[in-house]
Amino acid sequence: MIFIVVKFKVKPEFADQWPELVREFTEATRAEPGNLWFDWSRSVDDANEYVLVEAFQDDAAGTHVNSEHFKKAMAEQPQYLQETPRIISRQIDGDDWDQMGEMTVA
């Protein structure tokens, strides 16, 4: 799978609205064939930073970045950001989350 983490530094005046501002993009991406997950979280250290954790089947990431909703998001989202998002994108083995072996919850 292609595993991607992106950090978005949102302008303070848009930080609380960010989930709504990216809702259409999020929903469209989650509906794509080959999308495994597309999950947003807000940093506990910086209320202006959102972290996107996403994964695609190996052959689906290209379709994602060529989609109309991706192109639209790339054109619209920069106006809400303080800086260029930071990304880690890697191909890894697997197709879902594994359980953490060091901790078991009964």
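This is a predicted model: local features need pLDDT of at least 70, side-chain atom pairs count only at pLDDT 80 or more; totals for chains, interfaces and linings use all residues.
**Entry 1: Phe8**

I looked up where Phe8 sits and found it in strand 1, which covers residues 2-9. Is Phe8 buried or exposed? Its relative accessible area is 7%. I put Phe8 down as buried, because that value is under the 20% cut-off.

I then listed what Phe8 touches, leaving out residues up to four places away in sequence. Among the contacts are the aromatic residues Trp18, Trp40 and Tyr50. Leu52, Leu81 and Pro85 are also on the list, as are Asn48, Glu49 and Gln77.

I also checked Phe8 against Lys71, a residue that comes up again below. The two are 63 residues apart in sequence, and their C-alpha atoms are 17 Å apart in space.

**Entry 2: salt bridges, the count**

How many salt bridges are there by the rule used? I noted nine. I went through some of them one at a time.

**Entry 3: Arg23 and Glu27**

Arg23 forms a salt bridge with Glu27, and the closest N and O atoms are 3.3 Å apart. Both residues belong to helix 2, residues 23-30. They are four residues apart there, so about one helical turn separates them. For accessibility I wrote down 38% for Arg23 and 45% for Glu27. Arg23 is therefore partly exposed, and Glu27 is partly exposed as well.

**Entry 4: Arg30 and Asp39**

Next I looked at the side chains of Arg30 and Asp39, which meet in a salt bridge at 3.7 Å, N to O. Arg30 has a relative accessibility of 45% and counts as partly exposed. Asp39, with a relative accessible area of 36%, is partly exposed too.

**Entry 5: Glu68 and Lys71**

Which residue does Glu68 pair with in a salt bridge? I found Lys71, with an N to O distance of 3.9 Å. The pair lies in helix 4, residues 68-76. Glu68 and Lys71 are three residues apart in that helix, so they are separated by about one helical turn. Glu68 is at 61% relative accessibility and counts as exposed. Lys71 is at 43% and counts as partly exposed.

The Arg23 and Glu27 salt bridge was already in my notes.

Definitions and conventions. Residues are numbered from 1 along each chain as its sequence is written. Side-chain values use heavy atoms; hydrogens and water are left out. Helices (H or I, at least four residues) and strands (E, at least two) are DSSP runs, numbered from the N terminus. Buried means under 20% relative accessible area, exposed over 50%, partly exposed in between (1.4 Å probe, protein chains only). Contact means heavy atoms within 4.5 Å. A salt bridge is a side-chain nitrogen of Lys or Arg within 4 Å of a carboxyl oxygen of Asp or Glu.
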